[in-house]
Amino acid sequence: MSGTLTRVEIVQKRFMDYLSEAGPAESDGQRLSGEDRLSPATTLTARVAREIFADQVMSRLLDVAAREMKRLNQGYYTISSAGHENNAILGSLLRLDDPCFLHYRAGGMMMARSRKCPAVDPILDTLLSYAASKDDPIAEGRHKVWGSRRLWVPPQTSTIASHLPKAAGMAFALRLARRLGRAEELADDSIVACTFGDASANHATALTGINSALYAVRRGGTAPILFVCEDNGIGISVDTPRNWIRDSWSSRPHLAYFEAAGEIDEIWNAVKGAVDHCRQHRTPVFLRLATPRLWGHAGTDVETTYRTLAEIEAAEARDPLLVNARRLVDCGAASRAELFEIVCGLQQRIDAAMSEAVRRPKLTAVAEIVATLAPWDASRIRATLPT
């Protein structure tokens, strides 16, 4: 049977089979209330864990929808966040006044961040971008990027870590911007977060951004920036050497190093420690978030040309949705039926929004396509300068 299914279908079937199984009595009948912690060793509550799970499912189902839209010639982007959904934990812990520069696999984080702002519809916004509709509120049909003015996520491509110097620049500028009254939406203890992949950490742009932040601190300044490396062990089709990220970044001067791996509450603890350290000390923090990459680099990727079936299946066995569902059920934070209901409810929302997104208008003229998204306005710029 597996020979007739795609890897997307195999992963999703395994996940849904687990949720639909009756199974033995779960957690010996022990159920956690909403504010109960998953364990004495964590601050993660059952309510927040269920919210994060819903954010992760939303991201995953949007990735599945992207593949379906591509198959129907209704969508044009298939680089997914599948496997990286634990970045939703970071999205849950950061505040809306913590600006974020995001990697293209930040779907879970964007869903969690959107939950903090009811005015944002992350499902429709994402599907509009997949459909290259000019109603897409970020790129207006030009390209799929994560971004939102309301969510303080400046849109940009994250190719070869090109966004790290910009993120470091914002971290430098936070204190000055507050003093000049140019960042009234942000707080004195706001931090900047920047996510990227393990292969991107080797690029000159990444090294420039990180080194600049460390240099600023060495010179006596502040640089409240959280560098989050989502380490999936592979860059498109080339393996990252084992422990390369840890060996490269865990002992750098002026850089606090954290690692997040394991169960959802263990990851929560590590991410919370990294965020709190950055917020309190106003210095750079490097967080390695261990994650598998599912379904290849993009929908057009033939993963079996550079990975064995055993390697692919090993990554699929670490599917965060399946791992986290088991943890929530085992500790009594949710039942399988409750988690299954979350999935079905989100699928209905996505199906409805997808039908809407594909009907929205697209760019049709060359002049529309090449028009700048941020026209130069000299008088407006001059009006913002101090007299």
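Which residues form one aromatic cluster? They are F196, W249, Y257 and F286. This is a predicted model, in which local features need pLDDT of at least 70, side-chain atom pairs count only at pLDDT 80 or more, and totals for chains, interfaces and linings use all residues. Residues are numbered from 1 along each chain as its sequence is written, and side-chain values use heavy atoms, without hydrogens or water.

Start with the rings. Rings of Phe, Tyr and Trp (its six-membered ring) pair if their centres lie within 6.5 Å; planes under 30 degrees apart are stacked, over 60 edge-to-face, and the rest tilted. The whole structure holds five aromatic pairs. One of them joins F15 and F53, and it is tilted, at 6.2 Å centre to centre and 50 degrees between the planes. F15 lies in helix α1 (residues 7-20) and F53 in helix α2 (residues 46-71), so this pair ties together parts 38 residues apart in sequence. Helices (H or I, at least four residues) and strands (E, at least two) are DSSP runs, numbered from the N terminus. F15 is buried, at 2% relative accessible area. F53 is buried too, at 0%. Buried means under 20% relative accessible area, exposed over 50%, and partly exposed in between (1.4 Å probe, protein chains only).

Now return to the cluster. The ring centres of Y257 and F286 are 5.9 Å apart and their planes meet at 15 degrees, so this pair is stacked. Y257 belongs to strand β6 (residues 256-260) and F286 to strand β7 (residues 285-290), 29 residues apart. Both Y257 and F286 are buried.

Next, follow α2 to its helix partners. Axes are lines fitted to C-alpha atoms, for helices over the stretch in contact, with angles from 0 to 180 degrees between N-to-C directions. The axes of α2 and helix α4 (residues 107-114) come within 8 Å and cross at roughly 130 degrees. That makes α2 oblique to α4. Angles under 35 degrees count as roughly parallel, over 145 as roughly antiparallel, 65 to 115 as roughly perpendicular, and the rest as oblique. On the α2 side, D55, M58, S59 and L62 make the contact (heavy atoms within 4.5 Å).
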